[in-house]
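I am opening a notebook on a structure that is new to me, and I want to set down in order what I looked up. The entries follow below.

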Amino acid sequence: MAQSPRKARTTWVSLEGNLRPKGNPTKDGEVYLIQSPVLQLFRTDNKEVKGTVLIFPGGGYKVVEVTTEGSLIAAFLNKLGYDVALLEYHVSAGANTRALALEDARTAWHLLQAKAATLGLRGKERNIMGFSAGGHLAASLMQELAPAAQPDNLMLIYPAFLNETRPGSVYPSVLPPAEIRSRLFTLIAADDKPELVSSCTQYGKIWKGYDGCGTFKVLPDGGHGFGMITPLRGAAAQWPSMLRAFLENKDSIVHTSINPAAIATEGYSHDRHEQKVATVASQKFDLIMIGNSITNNFEKPAYQPVWEQFYAPRHALNLGFSGYRTENILWNLEHGELKGQSPKVVTLEIGTNNIDEKNYPTRHTAGQLAGGIAAIVQLLLEKLPDTKILLLRSFPGSYDGPNPTSHRMILNRASDIVARLADNKHVFYCDVNHVFMNLDGSIRQDMMPDWLHPSPEGAMAWARAMEPLLSQLMGDKSRDTAKPANTAIIPVSRLEKDNYDWWARHAEVLSIKDSINPEIVMTGNSITHFWGGYPLLRNAVGQLAKANGAEAWAGLFGTHRVLNLGFGWDRTQNVLWRLDHGELDGLHPRTVVIEIGTNNTSETANARANTPAEIVEGIKAICGRVRSKVPQARIILMAVFPREQQPDSPRRRVISETNRLLADFAASEHIRLIDIGAQLLTPDGVLLKEITYDFCHPTEKGYRIWAEALKPELF
């Protein structure tokens, strides 16, 4: 920098940290044209400086309101002892406006963290504040920040656009981060647009449900966009004092180590409990199913066919209790319901009542629910040391219709934590939630008519999805008598022997995925496998091997966190098995790229070739698993790459028809499909060895073509 900005109270700096003579031109207190993003710095005159607040004013991404949501806010915060950095971010920049604005916000935040002292910004606190569209921008930035990079406080004032979803998905585009270290202040007026009030309220509930601390205010009136307008009228006049109280009362939140979800508490079904205690005293059971009303329902006549097919032959006991929460199940198990038992398997389905805010005086957080489930698991391990424990992911219920609200978001977060309890020796994790949901993430009404309890059809789908793991743990044969004819949708482990250890790679994925915490997940067959990244490429004896596209991989992904779930020789059914066995569980990638299908065109002694329609059905099933497990991730589908040298190859015709059907599917579900086939071929359709060395697997040059196609989609 040419000179220190400390001497001036208000200055402008570029996002590179260089002094600027002025900001962007304003008209009536608004910036309409951002020639280049800039930070306007307002320094407090207070002797004791508390920290810095980075402000994102609103304006609908069309203008930046730099007065009522900018300089006047800065003056108020200066009086409280805060320096302020006001960001003039990209607006009205076409289709990429929001992406450009987010990059501006990201750069500004990193600048303040790295060069605060150089910029003359003092104090320890680092806070982010956003108004309206700026609130959306602040929440979008917060969503991607690792805990160590998060602000001390996030303040969202009448945030807009939090109700938006991505194309093809009913999940909110912006949610709180999974792990939270910041405090949250949200404020909105009850007479603002209903969708803004609802989405702001849901954001606050999810934040709290993710074990975050915060203050959530809904003013009786005030409308939208009041900022620090002079004079503030009605209830809006109260909000500056509310903000001041939030900033000053950092010790107002009481932290406790007591988890109510893990304290055994007697439930209301005393007679049922006594009946079950008498039953376990009279006979031994090989399978015990523990849960709430979802499990309890198997005793109803409409559900008996499912019970008789899958569970009664295994000498099963139903310990489901309607309305029960983890603390009630703990009490039951501590008071005789397992006495004298040593079953082969115990299934545990519990959690939705812990998050119910309509019928219970308290709502547990994700961490509390996970702690309650962990307490049950620990008790089961102590009382039943020789029993396998099958943990079911909490079902995707809600009292508010088919689309996700805070209820489902909190259950999802709790399940992410619970998945870590699985050691695949004594404790196993099973996620069957995809059977209850449409591809867009909404609940299927035929599977859950009340959006909470599986119908008899839903219970059958659940039983069939759980059966492969349950039969394995029971040590008996599958009782699923209605397997589909399409082999591409039946999950199966390794089918073909290849020049690497399939099982070792799967185990390595499970061991490293959480530490990678990927932003991007690539999943597929050997075409993805051989590209590069982690897990590293290894041969059959575990020695490191050279990736075929290492340079293209490094050029595309750089320092971004990427997990490679490509497995040589995999078909769609193999990917389904791997997804069903933990490879995505607990992760939060922003993008999942799916490249699969070419091996389904192969006929071997281990698997038949699939038709184009069957292959697309398999890919659709994979998309369903991905959407269920990582609902916020954007899905990118790759068309099946061309294979065989000549365009008249029979396999080429199968691939061509597969891609035609795949394009129809992707369009109908609003999923992004990328087809680079034409770029890999000569004008007359020939596949050259310089692109694919064996007319299937890309060379470095082939991978560069793929990388160039992905780059604008990923970054």
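I began with the strands of this predicted model, and I found an open sheet of 9 strands, ordered 2-1-5-8-6-9-10-11-12, in which the pairing is mixed. At its edges I noted strand 2 (19-20) and strand 12 (213-219), each of which pairs on one side only.

Within that order I looked up how strand 1 (residues 10-14) meets strand 5 (residues 38-42), and I read that the two run antiparallel and are joined by 5 bridges. Thr-11 stands opposite Leu-41 of strand 5.

I then turned to strand 18 (residues 520-524), which pairs with strand 19 in the parallel sense over 5 bridges; there I noted Gly-566 as the bridge partner of Gly-524.

Is strand 19 mostly covered or mostly open? I found that 5 of the 5 residues in strand 19 (residues 562-566) are buried. Val-562, Asn-564 and Gly-566 point one way, while Leu-563 and Leu-565 point the other way, and all are buried.

On the surface I looked up a nonpolar patch formed by Tyr-534, Leu-536 and Leu-544, which together have about 310 Å² of accessible area. Tyr-534 lies in the loop between helix 14 (526-529) and helix 15 (550-557). I list Tyr-534 as partly exposed because its relative accessibility is 49%, and exposed would require over 50%.

Last, I checked confidence: the average pLDDT is 95, and 98% of the residues score at least 70. Over residues 1-8, however, pLDDT stays under 50, and for this stretch the model has 16 contacts beyond four places in sequence.

Definitions and conventions. Residues numbered from 1 in each chain as written. Predicted model: local features only at pLDDT ≥ 70, side-chain atom pairs only at ≥ 80, totals over all residues. Heavy atoms only, no water. Buried < 20%, exposed > 50% of the residue type's maximum accessible area, 1.4 Å probe, protein only. Helix = DSSP H or I, 4+ residues; strand = E, 2+ residues; numbered from the N terminus. Pairing = 2+ DSSP bridges. Patch = residues over 30% accessible without salt bridge, like charges linked within 9 Å, V, L, I, M, F, W, Y side chains within 5 Å. Areas by Shrake-Rupley, 256 points an atom, 1.4 Å probe, with all protein chains shown as cover. Salt bridge = Lys/Arg side-chain N within 4 Å of Asp/Glu carboxyl O. pLDDT = per-residue confidence, 0-100. Contact = heavy atoms within 4.5 Å.
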